[in-house]
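Here are some notes to read alongside the model. Each point takes up one part of it.

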Amino acid sequence: MLKKLFVAIGEYFILLGKAISKPQKRNVYLKLLVREFYDLGVNSFGLVLFTSFFVGAVVAIQMYNNFSASSFPIPNSFVGYATKTVLILEFSPTIISVILAGKVGSYIASSIGTMRVTEQIDALDIMGVNSPNFLILPKIVASVVFNPILIAISIVIGIWGGYVAGWATGSWTKADYITGIQMYMPSYFIWYAFLKTAVFAFLIATIPAYFGYNVKGGSLEVGRASTQAVVWTMISVIIMNLLLTQMFLS
Amino acid sequence: MIEVKELRKSFDEVEVLKGITTTFDTGKVNLIIGQSGSGKTVFLKSLLNVYEPSSGAILFDGRDIMTMSREDKQVLRSEIGTVFQGSALFDSMTVEENISFPLDMFTNLTYREKKRKVLEVIGRVNLDKANKKYPSEISGGMQKRVAIARAIVNNPKYLFCDEPNSGLDPYTSNVIDDLLLEITREYNTTTIINTHDMNSVMTIGEKILYLRLGIKEWEGDKNMLTTAKNKNLIDFVYSSELFKQLREFMLENDQTSLINDKPEENNEKID
């Protein structure tokens with residue numbers, strides 16, 4: 001079991017070595033990159049917006065409830081501050097990345113896996129195309145560039161969700177909430193959030209690509225690889241989250 | 001010309017190819033036949049270096065693919081066209097984009113030049129009305145023709161086809177066979193076809209290599225099939241009742257060829 005894991009890690013890095021190299025043909029690569037921006041990034045907008053809005057609202061309501069139950073008075077403006085901080089530090093970079101690991105990860109693993117079982121990857125190799133570079137590099141670049149944009153949007157929409165929740169429930173005023181979100185927060189929190197997102201984006205693009213690229217068999221194996229890819233990507237994101245938090249915030 | 005010398009390939013402890021030596025001539029349709037599990041696909045994929053052979057040599061006009069540098073291999077691969085059993089067309093590309101792909105990747109042609117070349121081969125394989133369609137929107141026979149068009153668009157010196165007739169009706173199979181024969185003549189390619197289709201064997205088999213259990217059991221041409229003495233080959237080629245009767249008829253009437261060409265000098269080899 002452990003040997004298998006080490007072999008897989010070794011294979012993963014060998015595949016990365018092949019993938020991260022100069023593209024053979026720049027215009028073909030740019031075309032693929034644009035498509036990946038659309039498939040991996042633009043296509044995830046809806047899910048990110050929906051999730052962020054409702055989670056932002058839930059976080060704000062829970063903060064308000066906890067603050068109200070506190071034995072010492074906490075101003076309502078702290079609802080806005082806490083919501084903002086939770087969204088920036090944890091929810092948007094980590095939870096949205098975990099959600100994207102499910103959505104984008106399964107797409108990457110199944111699309112590359114299908115190409116493997118239908119001999120499309122063999123066709124690329126026989127033609128003399130560096131297939132890992134052709135298939136995986138555009139996905140890495142698209143994810144690492146686009147996911148931070150998604151996360152930035154997620155933060156904004158989440159904060160807006162909290163604002164709407166206050167307006168809908170009448171528990172805190174708009175002015176309190178806005179005062180809260182304008183409270184000082186160290187700027188490196190933002191850098192930390194985006195750094196985390198970029199690292200997670202790299203994992204989200206490469207781990208499923210590894211599973212898809214190494215599929216053997218038929219459609220059943222593609223399905224299995226897709227599930228395994230999502231599980232291992234989520235595990236990696238969560239472990240990396242702990243390491244990065246310890247490195248940058250402790 | 002492709003020369004294969006003592007080619008061996010093992011997977012773990014199992015030896016699948018057991019020292020195959022043969023030659024595939026330029027401008028000819030070379031067929032590899034054999035039962036399922038005989039090692040045909042492994043042989044074809046070893047020639048293409050998808051599987052790295054365990055030992056032996058594969059010379060493409062004197063260049064050994066097994067010892068050449070990565071750069072030389074890249075150059076050689078751009079001279080190879082391949083038609084896969086399942087066509088292996090790129091799902092996300094239209095017919096035209098699929099065919100244009102080798103030109104996009106390996107040439108510096110202008111858009112206009114590429115377009116002209118693509119339309120030329122689309123016409124060559126009679127796919128004029130399908131160029132804007134995706135592979136999922138066309139029939140199996142059309143997919144095979146797109147795969148052939150993609151394989152020949154960059155004027156390959158070597159054309160490899162893995163069961164190009166599988167899953168096709170007899171009429172479409174004939175169309176594909178004729179197309180492959182014409183292309184071999186027209187482009188003077190060394191064409192190697194892996195097939196189960198006895199109709200192809202009888203009509204376009206200019207050189208036939210019969211594999212059994214990873215060994216070359218027989219080689220010759222279509223005209224030598226009727227009089228071949230290898231029992232395994234006879235049992236395999238004439239396994240259907242129709243072909244058996246046809247063979248008996250031909251032998252009774254002292255006719256060794258199905259086609260109107262004269263039998264060549266008997267150079268049948270039995271290993």
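1. A salt bridge is a side-chain nitrogen of Lys or Arg within 4 Å of a carboxyl oxygen of Asp or Glu. The model is a predicted one. In it, E119(A) and K45(B) make such a bridge, and their closest N and O atoms are 3.3 Å apart. Between chain B and chain A the count is 2 salt bridges.

2. The side of chain B that touches chain A draws on several elements. At least two residues each come from α2 (70–77), β6 (80–83) and α3 (95–106) of chain B. Of the elements, α3(B) gives the most to this side, with 5 residues. Sorted by class, the side of chain B that touches chain A has 11 nonpolar, 8 polar and 5 charged residues.

3. The extent of the interface can be stated in two ways. Counted by residues, the contact takes 17 from chain A and 24 from chain B. The size of an interface is often given as the accessible area lost when the parts come together. For chain B and chain A the buried area is about 1900 Å², and carbon and sulfur atoms give 59% of it. As for polar contacts, 7 residue pairs are counted between the two chains, with both residues at pLDDT 80 or more.

4. One residue of chain A deserves a look of its own. L124(A) sits in helix α5 of chain A, which covers residues 120–127. Is L124(A) buried or exposed? L124(A) counts as buried because its relative accessibility is 0%, and the cut-off for buried is under 20%.

5. Which residues is L124(A) in contact with, leaving aside its neighbours within four places in sequence? From chain A they are M115(A), V129(A), S131(A), F134(A) and L135(A), and from chain B they are F90(B) and F101(B). K18(A) lies 106 residues from L124(A) along the chain, and the C-alpha atoms of the two are separated by 14 Å.

6. Strand β3 of chain B, residues 29–33, has 5 of its 5 residues buried, so the strand is largely enclosed by the rest of the structure. Both of its faces are covered: V29(B), L31(B) and I33(B) are buried on one side, N30(B) and I32(B) on the other.

7. The pairing of β3(B) can be followed strand by strand. With strand β8 of chain B (residues 190–194), β3(B) pairs in the parallel sense over 4 bridges; there, L31(B) has I193(B) as its bridge partner. With strand β9 of chain B (residues 207–212), β3(B) also runs parallel and is joined by 4 bridges. In β9(B), Y210(B) is the bridge partner of I33(B).

Technical notes:
Residues are numbered from 1 along each chain as its sequence is written. Chains are lettered from A and ligands numbered from 1 in the order in which they are written. This is a predicted model: local features need pLDDT of at least 70, side-chain atom pairs count only at pLDDT 80 or more; totals for chains, interfaces and linings use all residues. Side-chain values use heavy atoms; hydrogens and water are left out. Contact means heavy atoms within 4.5 Å. Buried area is the accessible area (1.4 Å probe) that two parts lose on being put together, summed over both. A polar contact is a pair of N or O atoms within 3.5 Å; within protein, one must be able to donate a hydrogen and the other to accept it, and residues adjacent in sequence count only if both atoms are side-chain atoms. Ala, Val, Leu, Ile, Met, Phe, Trp, Tyr, Cys and Pro count as nonpolar, Asp, Glu, Lys and Arg as charged, and the others, Gly among them, as polar. Buried means under 20% relative accessible area, exposed over 50%, partly exposed in between (1.4 Å probe, protein chains only). Two strands pair if DSSP finds at least two bridges between them.
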